[in-house]
Amino acid sequence: MTTGAAETAEVEKSDSTEPVPAAEASRGGALLRTAARWLPPLLTVEGLVMYVLALRVSPGPLRGVEVEDIDGLGLISALPGAAFAAILLMITAFFVTIAQNTDRKFLLLFQISAITFALHGASALIHDEPRFHTAYVHAGFVEFIARTGESSPILDARFAWPGFFALVAFITRAAGITDLTTIMQWTPLLSNLLYLLPFVLILRQVVATTRARWFAALLFVLVQWIGQDYFSAQGFTYAIYLAFVAILLRWFGRVEPRETPPKIGGRLRRLLTRLDGLTPGELSHSTGAYDRSIMLVLLIGLFVAATAAHQITPFMMLGVLAGLILLRRSSLSWATPFFFGLIVLAWISYQTTTFWSGHLEQLFGGLGRILENLQRNTGDRIEGSDPEHALVLMARLGICAVILLLAAAGLLRRLRRGVGDRAALLLLCVPVLALGLQSYGGEIGLRIYMFALPGACILAAYAFFPNLPAGTADNPDETVPIRRRNIRFNPRLTRRISLLLAAACALALSMAFLVARYGNEQFERVSSGEVAAMHYVYEHDEPSARVLYMVPLIGPEVTPTIPWGEEDFDKIRYEQVLVDKNPTVISSVIDKLRLSPPNTYLVVSQGQAAYLQLNHGYPVDWQERFRTVLDSAPALKQVYGNKDAAVYALRSHPKNAEIPEPVNLRGPGDRSSPWTPVGLGALVVAWAALFGYQLIRLREPGRASRARRLLVWTAVPAFLLSVAVVAERFIVIGLSTGP
C-alpha cells in the first residue's frame, strides 16, 4: 500500500469514529429528557427492595429488626434507618409522579400499593406468627364450622353472624387447607390492597384533579391505623362496604341541574337554594336500564353478605344509601332503603334470636349514651397507661384530629370555589351516628373512624388540591370556578407549594402511622412460644378444659392477650383470673385453680405481661418474678414452658372431682312467637313488592305508574305488618329469660 493510500485510510477511520461520542451524548440527553417517565418507577422498586431487605436481613447497623428492642413506642423503636429511608424514597417517587401533568393510573396504583406493602406488611415481614390474638379465635370459629358443619351462638355471639367464617370454612375445606397461619399472617396487607380497588373507583366519581384523587388514595393508606383489617368479619365486610359505595356512586349517581339563587325569600330558603347552586362535586354517568338492574341485584347480594357477616356494617351501608337519596345524589328510590332495612330487621329478629333473647339490655343498652360511649373509646384508653405508651394513644388521637382538620379545610376551600361535595361529606358524617347506638365493647369509636375515612380522605385532599380538573384537552390547566380575591398568585408556584406541603404531610403521617399502628407491638404480636403453649392445651382438652388468663381487674369484655380459641372452641372455656402488681402474691391464682374442675390451666405469657405493664403499670420484670414464684409454689406444677409462655395446673385434685362435659351446643331450642309465621309471609310480600317497584323505576322511570301504585299499596301494609311482628317478637321472646 502506498503512503497516500495509507493516509486516506487513516482519515476514513478517523471520520468513522467521530460520530460515536455524539451518539452517546444524544442517548444521554434522551435519558435525561425522559427521566420523568422512568425515574419514579425505578425509585419505587428500589425503595421497595431496600425496605424488604432492611426488615428481613439479620440485625446489624442500619438494617435488620431485633424484636427484643421493641419498647413502649412499639415497632418504630426497632426499625432500622434503611427502612425509614425506603419509605421516604417511595413517597418521594409518588409525588414526583403526581407532579407531572398526566394521569399515570397504573404507575400511581403500583406506587401506592408499594407504600401499602411497606406500612401494612411490616409485621408479616418481621414476625413468624400472625399478629392480633383475636385472629386466632376467628380461626377457631372457622375450624368449628368446618368440623361440625354448623354455627352455635351459644358459644359466642359472633356465631349469630357467621357469614365470613362459613365462607372461609367452605373455601378452605374445599381446597384442603387445614392450617390458616399463612392466611392470617398476610390478611392485613391483602385487605388493604383490596380496599384500594373500590376506593379508587369511588375517587373516579368525584370532580377533582388527578393530584387530589391520588393524594386522597395515599391518605387512605397512611391513616388506616386501627387494625381492623386482620382476619375478621369486620375486615371482610369493610371491603364490601367500599364496593357498595362505589357501585352507588358509579351506577346510581345523580347530579341535578343547578338552580340560580333567587334574590327574594327567607334566609334559610336563600341558603338552601345557594347550596343547590353550587357546582356538584360528583360525576353523573348515564348507564342503561339493563346494566343498572344487574348492579341492583349485585347491591342486594353485597348487602345480604354484609348482614350475615357483621353487626355494624349493614347499618353504615343503609345510612349512606338513605343519605345519598335524601341529598339527591342517587337515582334509586326510597323503596331500596326500606328493602334493605327489612333485611337487617329480619336477620336480627329471626337469625340471631339466641343472642338477644333475654338480653335486650346488651343489644339496646347503649342507645343515646353518646358521651359515655365516647369516654369509653378515648379517655378510658389513655388513663392508666405507661407514660411512654401513652404517646402511642396520643398519636392515634392526633392522626384523627389532623385528618378531620384537613377535611374541614378542604370542605371550606371547595366551598370558596363554589363546589358542593355532598357525597364526600355524607361519607364522613353518617358513621358518626353510630356513636349513639352502643359502645360496642369500647370500640365503636374505632369503627366510626374507619367508616368515616373514605369521606375524610377525599375532603382532606382538597385542603391541598381544591381546584377542578381541566375543562377540555385544549385547556390543560386546573380551573377555579369562583375567585374571590384581588391578588392572583402564579398558578405554577401555588401548585408547587401545595405539592411540597402535601408531601411533608404525607411523610409526617407515615411516621405517625408506624407509631399508631404498631405501638402495641409488645403485646399484640404473637410469638411461636405462646402458640406452642396453647397447642399443649388443645392436646389435653378431652373431654373439656378451662384456660385462665390474667387480668388486673375482673370485669366483662376483656379480650385475652393470648392466641386463644384456635382449636376446639366448643371444648375449652376461657376465664379471667386476678393477678396482683406484686408478683409474689399468687393466692388469687391458687384459689381460682382450686375452685375450678380438673383440666384447668393457667397460661402465663409474654404478651399478657407486656399488656399489664404498658396499660396498668405492672413492673417491667413482673413476668419473670411471677413465673419464679409459681414454679416454687408447692400446690402448682408447670406442665409446659418455654421462654415466652408457661402453662400451670394444680398438682392434685379431690378424688371425686370430675372433668365436665363440653357445652351443650343445642341451647334452648328455637324460640318463636304466635305471629312469627305471619311475619315471615309479610316479609316475602314486602320484599317482592319493593324490589318490583324499584326495578320498574329503573327500567321505565316515567311510565308504568299504575303498576307502581299497585306495588306501593301492596308493599306498605306488608312492610308495616312485618315490622310489627318483629316488635312483637322482641317483646314476647326478648323479655323472656327462660329456656
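Colleague: How many residues of strand β3 (residues 545-551) are buried?
Modeller: Bear in mind that this is a predicted model. Both faces of β3 are covered, with Ala545, Val547, Tyr549 and Val551 buried on one side and Arg546, Leu548 and Met550 buried on the other. Side chains of a regular strand alternate between the two faces of the sheet. β3 is largely enclosed by the rest of the structure, because the buried count is seven of the seven.

Colleague: And what is the strand order of the open sheet of five strands?
Modeller: Start from β3: seven bridges join it to β4 (residues 572-578) in parallel, and three bridges pair it, again in the parallel sense, with β5 (residues 600-605). The edge strands, each pairing on one side only, are β4 and β6 (636-641). Pairing across the sheet is mixed, and the order reads β4-β3-β5-β7-β6.

Colleague: Which residue of β4 is the bridge partner of leucine 548?
Modeller: Leucine 548 is one of the buried residues of β3, and β3 runs parallel to β4. For leucine 548, the partner in β4 is glutamate 575.

Colleague: At about what angle to β7 (645-650) does helix α25 (residues 528-538) run?
Modeller: Two helices are worth looking at over this sheet. Helix α27 (residues 606-616) lies across β3 and β5, at about 65° to β5. Helix α25 lies across β3, β4, β5, β6 and β7, and its angle to β7 is about 30°.

Colleague: Which residues does the cis peptide bond join?
Modeller: Look in the loop between α25 and β3, where proline 543 lies. Most peptide bonds are trans. Here omega is about -10°, and the cis bond joins glutamate 542 and proline 543.

Colleague: Is asparagine 599 buried or exposed?
Modeller: You'll find asparagine 599 in the loop between α26 (587-595) and β5. Its phi is positive, about 70°, although the residue is not a glycine. The cut-off for burial is under 20% relative accessible area. At 15% relative accessibility, asparagine 599 therefore counts as buried.

Colleague: What is the relative accessible area of arginine 328?
Modeller: Arginine 328 also has a positive phi, near 60°, and sits in the loop between α14 (313-326) and α15. Most residues other than glycine have a negative phi. Arginine 328 is partly exposed, with a relative accessible area of 28%.

Colleague: Over to the helices: at roughly what angle do the axes of α3 (residues 35-56) and α5 (residues 105-120) cross?
Modeller: The two axes come within 10 Å, and the crossing of α3 and α5 is left-handed. Angles under 35 degrees count as roughly parallel, and α3 and α5 are therefore roughly parallel to each other. The crossing angle is roughly 15°.

Colleague: How many charged residues does the contact of α3 with α5 have?
Modeller: On α3 the contact is made by Pro40, Pro41, Thr44, Val45, Leu48, Tyr51 and Val52. On α5 the residues are Leu107, Phe110, Gln111, Ala114, Phe117 and Ala118. By class there are eleven nonpolar and two polar residues, and the charged count is none.

Colleague: In which hand does α13 pass α15?
Modeller: The axes of α13 (residues 289-309) and α15 (residues 335-351) come within 10 Å and cross at roughly 25°, so they're roughly parallel to each other. The crossing of α13 past α15 is right-handed.

Colleague: How many nonpolar residues are in the contact of α13 with α15?
Modeller: From α13 come Leu299, Ile300, Phe303, Val304, Thr307 and Ala308, and from α15 come Phe339, Phe340, Ile343, Val344 and Trp347. One of the contact residues is polar and no residue is charged, while the nonpolar count is ten.

Colleague: Zooming out, what percentage of the residues in the protein chain is buried?
Modeller: The chain has 30 helices and seven strands. Among contacts between residues at least 6 apart in sequence, 80% join residues at least 24 apart. Of the 739 residues, the buried share is 51%.

How values were computed. Residues are numbered from 1 along each chain as its sequence is written. Side-chain values use heavy atoms; hydrogens and water are left out. Axes are lines fitted to C-alpha atoms, for helices over the stretch in contact, and angles run from 0 to 180 degrees between N-to-C directions. Helices (H or I, at least four residues) and strands (E, at least two) are DSSP runs, numbered from the N terminus. Angles under 35 degrees count as roughly parallel, over 145 as roughly antiparallel, 65 to 115 as roughly perpendicular and the rest as oblique. A crossing is left-handed if the near helix is turned anticlockwise from the far one by less than a right angle, and right-handed if clockwise. Contact means heavy atoms within 4.5 Å. Ala, Val, Leu, Ile, Met, Phe, Trp, Tyr, Cys and Pro count as nonpolar, Asp, Glu, Lys and Arg as charged, and the others, Gly among them, as polar. Buried means under 20% relative accessible area, exposed over 50%, partly exposed in between (1.4 Å probe, protein chains only). Two strands pair if DSSP finds at least two bridges between them.
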